[in-house]
Amino acid sequence: MKVAIFQMDIAFGSFEENYKKVEDWFNQIEDADLVVLPELWTTGYDLPNLKTMPEHYDRTIDLLKELAVTHNVNLIGGSAANVKDDGIYNTLPVIDNHGSLIHEYSKLHLFKLMDEHLHLQAGSDDPSFVLAGISFAAFICYDIRFPEWIRKSVLNGAKVIVVPAEWPAPRIDHWITLLKARAIENQVYVIACNRVGSDPANEFGGHSIVIDPWGKVIAEGTDQEEIVYGEINVEEVEEIRKRIPIFDDRRTDYY
Ligand SMILES: NC(=O)CCC(=O)C(=O)O
C-alpha cells in the first residue's frame, strides 16, 4: 500500500483556505492508495471559535468523500472539530476510495497544555477499522503517550497504526521516540502525519513518518510543507512477529 502524508501548514481558523490547499495537494499526488491528513487541519487550534462553525464538519466530510472518489484513493482524513449537542469533539474520519465514510474516532485523551479540556469533549470510540482489507487503528496526537490504549487495538488485530497530529517543535524528539516505541513494542507499522508552521501559541515540528514493525524509518518529512511518501507491506508484520514472538511470550498470568 502506497501512502501519501500531507505535512501541511494550517491557516488559523480559516477552513475555506485549508480546503483550498488540500484540494490543490490532491491534484499533486503522484501515486497513492492512502492519503493521511493532520489533526484539526480545517481550523488549527482556534478552539474558542469552533462553536461558531457548527456546519463545517459535515462540509469537511462531503469534501473528503468527493476527493476520495475523484482521485480513487482511501483517506484517513486527519481530524476536524465536530460540533454536537453535548460539546465539540476532535473527530477523525476514514473514507474509502468509493467515497463511503467507514469509521470515525474522536480523540480520547485531551491535551491540557493546549487547552483542549476547556473546549473539547473526549470521545469514547473504538479506534479500530478495516480499510482495503487491512486492519488499522487510528489515534490522535497526544493519544500516543498512552501505550496501553494502543496495545488494546493491537491485541484486537490492528497491524497498522495511524496518527494525525499537531505536535509542537520543542517536543519533536518525544514525537519520534514515542512513535518508534509504539511500532517496535507492538510490531506494527506506524504512519504519522504532523503539521508544520505556527499558530499564535505554538510552532509545529513536522517530521511526519512511516515506521516499519522492526522500528526502521521508511520515510520521514522535514520541518517544511511537503507530501511525504512511503510504502507498507503488512505481511512484514507476521515476519517480524515470527522472529521475536512477543505476543506468544506475554505473561498474561502476571499482567
Ligand atoms: N495536539 C496534541 O495532542 C499535542 C500533544 C503534545 O504536544 C504532546 O507533547 O503530547
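**Starting with the whole chain**

Show contacts between residues at least 6 apart in sequence: 68% of them join residues at least 24 apart. Keep in mind that you're looking at a predicted model. Colour by pLDDT next: the chain averages 97, and 100% of the residues score at least 70. For the complex, the predictor reports an ipTM of 0.99 and a pTM of 0.98.

Switch to cartoon and you can pick out seven helices and 15 strands. Now zoom out to the C-alpha trace, which spans about 50 × 40 × 35 Å along its principal axes. The chain has a radius of gyration of 17 Å, which agrees with the value near 18 Å that a compact globule of 255 residues would have.

Time to go inside. Of the 255 residues, 45% count as buried. The largest nonpolar core holds 71 residues; select V36, I161, V163, L179, V190 and I191, the members that touch the most others in that core. In general, nonpolar side chains tend to be buried together in soluble globular proteins.

Stay on I161 for a moment. Which residues is I161 in contact with, leaving aside its neighbours within four places in sequence? Select A137, F139, I150, R182, V188, Y189 and V190 to see them.

Last stop: the ligand. Around it, select E39, F111, M114, C141, Y142, R145, A165, E166, W167, P168, R171 and H174. Colour this shell by class and you'll get seven nonpolar, one polar and four charged residues.

Note on methods
Residues numbered from 1 in each chain as written. Predicted model: local features only at pLDDT ≥ 70, side-chain atom pairs only at ≥ 80, totals over all residues. Near = placed C-beta within 6 Å. Nonpolar A, V, L, I, M, F, W, Y, C, P; charged D, E, K, R; others polar. Core = buried A, V, L, I, M, F, W, Y, C linked by C-beta atoms within 7 Å. Buried ≥ 20, exposed ≤ 12 C-beta atoms within 10 Å, placed from the backbone. Contact = placed C-beta atoms within 7 Å. pLDDT = per-residue confidence, 0-100. Helix = DSSP H or I, 4+ residues; strand = E, 2+ residues; numbered from the N terminus. Rg over C-alpha atoms; globule rule 2.2 N^0.38 Å.
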